[in-house]
Amino acid sequence: MDFEISKEAEDLRLEIRSLVQNELIPNEKRIEETGKVAPDVIDKMKAMGLFGLTIPEQYGGLGLDCLTTALIIEELGWCHSVYRSLVTNNIGLGSQSIILSGSEEQKNYYLPKMASGEIISAFSLTEPHAGSDTSALKTTATKDGDFYVLNGIKHFVTNGSTADVITVMAVTNSEPGVRDRVSTFIIEKGTPGFKVSRIQETMGPRGYAPAELTFTDCRVPAKNRVGPEGQGLKLALKVLAHGRVLLAAAAVGLSQRLLNESVKYAKMREQFGKPISSFQGIQFMLADMDTKLSAARLLAYNSAWLVDRERCSRRQAGIAKLFSSEALGFIADSAVQIFGGMGYMRELPIERMYREARFYRIVEGTSEIQRTIIAKELLEEVAL
Ligand SMILES: Cc1cc2nc3c(=O)[nH]c(=O)nc-3n(C[C@H](O)[C@H](O)[C@H](O)COP(=O)(O)OP(=O)(O)OC[C@H]3O[C@@H](n4cnc5c(N)ncnc54)[C@H](O)[C@@H]3O)c2cc1C
């Protein structure tokens, strides 16, 4: 294992750190007030190539490997999650299906626009009756000449209301007993029969509102299918495994910010005539936060390193996602405790980060589903 990165990648990381510290964090309050990232801030993110980190250079992206991308996502994890959700679909769930299985025409048309941030993408697998159980999808795509006709409802789609392009998983073969029954489609905003039926408010920060999408006899050209018919679920699971590694890196970034804020507050806040950092009860909390964070970081980096060598199993990605999101939950809860009443008040960002942290144990497969994946591969691997 070697987590060394090139000088070029390190320089980029430092540039992103400076953007996060000098532009993104200072503008967090603006997002909470307006529910949006200001266009001038988005322009700065575009100028740094953030929307195309993983998109191959031949399609206008930076073509970074997974470890370097993870280091940059860790930096972005420090700030309001709406910044991250804007970017991560274009470099992850929203683009990876096209990168992995798209036609040359799809790659040439969509990837450069995603890389520049000209278009925003989304990924739509989850349905009201199919959350953890992705085999229960009900949205159908019926072949009709050179088109597929989509019918069904999707929900919880991040960027669903703002995305220009959405990769949607739908059932192309409903015959009983067929295993490979799901295919992936690229749906563009404005396609007749496709509508954003509802914005779904969350306990998360402002500006982060997933959407419910409805497809009613929505005709999509057959050339918008990504990869072979029937391979959509396999492709989605591959894309999700990559996404989980980047989510683990983002959890590490948010955990680090919470820890840093907690250390600073503990050194500054005095009670009983002393800084609260002098109390062993507080020191032990900080030590546990630091220990879990260090382990989470190593798991995230190790998984990214394995992705770059095409050796990251779903179990490995699951371990990184499970541990880092559970560690973040612990760290966010400890941070609120260290801040005491101020941790609960809206005037400091700790309460917002605590709410943001809760998201990580649910999305892209809950902690229970990660455990199921890990246990399945473990049981298969270890013989009697
Ligand atoms: C803010 C947010 C953004 C999201 N963005 C997207 C997106 O962009 N695109 C997309 O497709 N989806 C998205 N999702 C969906 C997300 O991936 C699902 O919420 C998640 O996979 C869980 O599905 P569910 O909510 O239906 O929960 P359920 O599957 O109903 O699970 C409920 C509970 O049962 C547990 N459970 C289920 N099955 C098992 C089992 N076999 N063993 C043990 N426990 C089990 C779960 O762990 C959970 O605790 C988003 C969700 C949220 C909250």
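I call a residue buried if 20 or more other C-beta atoms lie within 10 Å of its own, exposed if 12 or fewer, and partly exposed in between, with C-beta atoms placed from the backbone. Helices (H or I, at least four residues) and strands (E, at least two) are DSSP runs numbered from the N terminus.

The model is predicted: local features need pLDDT of at least 70, side-chain atom pairs count only at pLDDT 80 or more, and totals for chains, interfaces and linings use all residues. Residues are numbered from 1 along each chain as its sequence is written.

**Entry: helix α6.** I looked up residues 93-101 and found seven of the nine buried, so helix α6 is largely enclosed by the rest of the structure. The buried ones are L93, G94, S95, Q96, S97, I98 and I99.

**Entry: whole protein.** I counted 13 helices and 10 strands. Buried residues make up 45% of the 384. The C-alpha atoms fill a box of roughly 80 × 60 × 40 Å along the principal axes.

**Entry: core.** I looked for nonpolar cores (buried Ala, Val, Leu, Ile, Met, Phe, Trp, Tyr and Cys residues joined through C-beta atoms within 7 Å). The largest has 110 residues, and A70, F185, V245, A248, A249 and A300 touch the most other members. Helix α8 (residues 232-268) gives this core its largest share, 17 residues.

**Entry: F185.** I listed its contacts (C-beta atoms, placed from the backbone, within 7 Å). Beyond neighbours within four places in sequence, F185 contacts A141, Y148, L150, V168, A170, V220, N224, R225 and V226.

Technical notes: Contact = placed C-beta atoms within 7 Å.
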